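Here are a few friendly notes to read alongside the model. Please keep the structure open while you go through them.

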Amino acid sequence: MGDIVTRLRTVMPGIRSNGRSKIADKWSMMVLAVLDDRPHRFNAIMRRLEGVTQKALTQCLRRLERNGLVSRHVIASPLAVRYEITALGRTLQEPLRQLHAWTLDMLPLVETARSDFDQRNSS
């Protein structure tokens with residue numbers, strides 16, 4: 001496992017245990033999923049992401065833009081901002097789809113593991 005972490009840090013220097021630069025956090029992955037089909041305005045993204053606050057979404061979009069995964073376009077009339085996935089961001093789409101499929105396939109095993117853990121650690 002250590003080798004994988006070392007390689008990831010070499011390839012993706014933004015991955016740090018202190019969380020300074022998150023590429024694949026909960027909201028980032030969900031925003032990329034929302035933007036997969038087409039560009040969206042900020043409010044449209046917010047409506048699709050149940051539970052996200054305006055502050056959390058703003059921070060997430062800024063991180064994604066800083067990491068080159070999303071581009072931001074100001075629309076003059078009416079004044080609005082539109083976000084879309086960049087070519088670099090598109091390279092994450094397939095791995096995210098695979099992670100989603102794995103999650104659906106393995107969820108029963110994960111739930112069993114959680115239940116076993118909770119039973120062993122309850123007292």
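This is a predicted model: local features need pLDDT of at least 70, side-chain atom pairs count only at pLDDT 80 or more; totals for chains, interfaces and linings use all residues.

1. Residues are numbered from 1 along each chain as its sequence is written, and side-chain values use heavy atoms, with hydrogens and water left out.

2. The largest pocket holds about 290 Å³ of space. A pocket here is an open set of points on a 1 Å grid over the protein atoms alone, where a 1.4 Å probe fits, with protein on both sides within 12 Å along at least five of seven lines; lining residues have an atom within 4 Å of a point. Volume is the space filled by probe spheres set on the points, which are joined across faces, edges and corners.

3. Which element gives the largest share of that lining? It is α6, with six residues. Among the lining residues are Lys26, Met30, Asp36, Arg97 and His100. Helices are DSSP runs (H or I, at least four residues), as are strands (E, at least two), numbered from the N terminus. By class the lining has six nonpolar, three polar and three charged residues; Ala, Val, Leu, Ile, Met, Phe, Trp, Tyr, Cys and Pro count as nonpolar, Asp, Glu, Lys and Arg as charged, and the others, Gly among them, as polar.

4. The second largest pocket has about 230 Å³ of space. Its largest lining share, four residues, comes from α4, and the lining includes Arg41, Thr58, Glu65 and Tyr83.

5. Aspartate 25 and arginine 63 form a salt bridge at 2.7 Å, N to O (a side-chain nitrogen of Lys or Arg within 4 Å of a carboxyl oxygen of Asp or Glu). Because aspartate 25 lies in the loop between α1 and α2 and arginine 63 in helix α4, the pair ties together parts 38 residues apart in sequence. Aspartate 25 is buried at 16% relative accessibility, whereas arginine 63 is partly exposed at 23% (buried is under 20% relative accessible area, exposed over 50%, partly exposed in between, with a 1.4 Å probe and protein chains only).

6. Back at the largest pocket, lining residues Asp36 and Arg97 also meet in a salt bridge (2.9 Å, N to O). Glutamate 94 pairs with arginine 97 as well, at 3.7 Å, N to O. Shared partners join Asp36, Arg90, Glu94 and Arg97 into one salt-bridge network.
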